[in-house]
Amino acid sequence: MTDKPSSRTRAQKHCDGVRLFGEVWKAGEMEDSESLVRRWEDLDTDILVKIFQSFDIYQLTSGIAHVCSAWRLACCDPLLWKTLDLSMMKSNFIKIPLEPYVYVDGRSDKKLTRVLKTSLNLSRGNLMTLIFHFNLYVSDDLLTYTAERCPRLKRLVMPAWNRIKKTGICKAICCWKDLESLTMPSIANPPYLMEEIAKNCKNFNELKIMGPCDIFFASTLVAYLPKLKVLSLRCSMLLKDALIIILDGLQHLEVLNISHCLVIDTAPPRAPRRLIKELDPVILEKASRLRMFLTCMQDSCIMCQRTKNDEGLMRWYKYEEGLWLEDEVRSLAY
């Protein structure tokens, strides 16, 4: 008489199964009917989603959605697509003397296009937050394609401007009616962008500028975004008069972050610029109405030293990866 195989023997016999939550899972049916066996595609969708939440964007877009219909359903779950974080993706580029002043390697463009289009397809319009790397050179067409497929977007971290034209960004902003928060590189001609935001994004209230803020930029903010509540200008050059315009003109402002800024006194023509090391009582009095006024102008501060060394235009590529995403304002930090 043949002895009945032990559970240990059965588990060894079917070593191609995967043990998960006390059960054995494998791609096909198992011959031994005495074992508790289920197929991967029969795994509960909630459990699959929980597993997929541990995957990065490359893994999610690598083809697991094509394994079976159950996996594709899980891959499209809104829980996976609240945020699309592409902050680890940088373009492979070289600088050139003519517009757009960068040449991007074709393979780099193809990789971005594949990841972005696959993500947008799986997200089914559920994206709420989209984060680009500051050294990711997105084309005009790809930005428009993206905007049309994530109409519910509320938070955007913009890529570099070089390959994005005025018509492209305006068309994108028109798609983002629910946009509330924007992090963007400084721009030479801000009025058209701020006007487009004012016309289309009625709930917009939070802005972070990665670059110098002069009188023209400050005046533009006051003119087009007077209801702005949160503004971060950290680690940039900031003219004293521009700061006064912001404090006087943005009456709804609640939070202002000028940590690690180079605050420059307005000097007469041809006179050397003078760095302000301490904010004067007039500015402090104007800022006293704010719920939060964040400053740091200490010589001992590493970030203040870096801003000074970079002359108010941070060269983020020189520093720790991901440092550019940090902010003293929690809602703007990643």
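About 720 Å³ of space lies in the largest pocket. A pocket here is an open set of points on a 1 Å grid over the protein atoms alone, with protein on both sides within 12 Å along at least five of seven lines. Grid points are joined across faces, edges and corners, and a volume is the space filled by probe spheres set on the points. The model is predicted: local features need pLDDT of at least 70, side-chain atom pairs count only at pLDDT 80 or more, and totals for chains, interfaces and linings use all residues. Residues are numbered from 1 along each chain as its sequence is written, and side-chain values use heavy atoms, without hydrogens and water.

Strands are DSSP runs of E, at least two residues long, numbered from the N terminus. β10 gives the most, with three residues. By class, the pocket lining has 16 nonpolar, six polar and four charged residues. Asp, Glu, Lys and Arg count as charged; Ala, Val, Leu, Ile, Met, Phe, Trp, Tyr, Cys and Pro as nonpolar; the others, Gly among them, as polar.

A cavity is a set of points where a 1.4 Å probe fits but cannot get out. The structure holds one cavity of 30 Å³ or more. The largest cavity has a volume of about 30 Å³. R155, V157, T183, K208, M210, W324, L325, L332 and Y334 line it. β8 (155-157) and β10 (206-210) each give two or more of these residues. The cavity lining divides into six nonpolar, one polar and two charged residues.

Technical notes
1 Å grid on protein atoms, 1.4 Å probe; cavity = no way out; pocket = protein on both sides within 12 Å on 5 of 7 lines; lining within 4 Å. Helix = DSSP H or I, 4+ residues; strand = E, 2+ residues; numbered from the N terminus.
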